[in-house]
Amino acid sequence: MTDIYMFDDSDLQDKVKELKKELKQIKDDKFRGELDLEKQIDILKTQIDLKDLEIEMIRKKYETK
């Protein structure tokens, strides 16, 4: 190999490292986004369950009258 190719290889290796780092960051961001969505879904399910409980309590209250 000549010196020219050594510099090209070095540049390419740096570029590969940079791209790998970017890919890792994208994957991490995607994972965090999925976790946020799961949290939001759990919160909404809990709110629905609470509303269902409230509805059931109101029904029972009016059934006894």
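Glu-34 and Lys-30 are joined by a salt bridge in which the closest N and O atoms are 3.9 Å apart. This contact belongs to a predicted model whose protein chain has 1 helix and 0 strands. The structure holds 3 salt bridges, and its surface also carries a negative patch that includes Glu-22 and a nonpolar patch that includes Leu-53.

**Overall architecture**

- The secondary structure of the protein chain consists of 1 helix, with 0 strands.
- Helix H1 covers residues 3-63.
- Of the 65 residues in the protein chain, 0% are buried.
- The protein chain has an accessible surface of about 6,800 Å², and carbon and sulfur atoms account for 60% of that surface.

**Salt bridge between Glu-34 and Lys-30**

- Both Glu-34 and Lys-30 are located in helix H1, where they stand 4 residues apart, about one turn of the helix.
- The distance of 3.9 Å between the closest N and O atoms of Glu-34 and Lys-30 qualifies because a salt bridge requires a side-chain nitrogen of Lys or Arg within 4 Å of a carboxyl oxygen of Asp or Glu.
- Glu-34 has a relative accessibility of 37% and therefore counts as partly exposed.
- Lys-30 has a relative accessible area of 55%, so this residue is exposed.

**Salt bridge between Lys-24 and Asp-28**

- Lys-24 pairs with Asp-28 in a salt bridge, and their closest N and O atoms are 3.1 Å apart.
- Helix H1 contains both Lys-24 and Asp-28, which are 4 residues apart, about one turn of the helix.
- Lys-24 is exposed because its relative accessible area is 52%, and the cut-off for exposed is over 50%.
- Asp-28 counts as partly exposed, its relative accessibility being 29%.

**Salt bridge between Arg-32 and Asp-29**

- A salt bridge connects the side chains of Arg-32 and Asp-29, with an N to O distance of 2.7 Å.
- Arg-32 and Asp-29 are 3 residues apart in helix H1, so about one helical turn separates them.
- Arg-32, with a relative accessible area of 48%, is partly exposed.
- Asp-29 is likewise partly exposed, and its relative accessible area is 38%.

**Negative surface patch**

- Glu-22 counts as partly exposed because its relative accessibility is 39%.

**Nonpolar surface patch**

- A nonpolar patch on the surface is made up of Leu-50, Leu-53 and Met-57, which together have about 320 Å² of accessible area.
- Leu-53, a member of this patch, is part of helix H1.
- The relative accessible area of Leu-53 is 48%, so this residue is partly exposed.

Key:
Residues numbered from 1 in each chain as written. Predicted model: local features only at pLDDT ≥ 70, side-chain atom pairs only at ≥ 80, totals over all residues. Heavy atoms only, no water. Helix = DSSP H or I, 4+ residues; strand = E, 2+ residues; numbered from the N terminus. Buried < 20%, exposed > 50% of the residue type's maximum accessible area, 1.4 Å probe, protein only. Areas by Shrake-Rupley, 256 points an atom, 1.4 Å probe, with all protein chains shown as cover. Patch = residues over 30% accessible without salt bridge, like charges linked within 9 Å, V, L, I, M, F, W, Y side chains within 5 Å. Lys, Arg positive; Asp, Glu negative; His and termini not counted. Charge placed at Lys NZ, Arg CZ, Asp CG, Glu CD.
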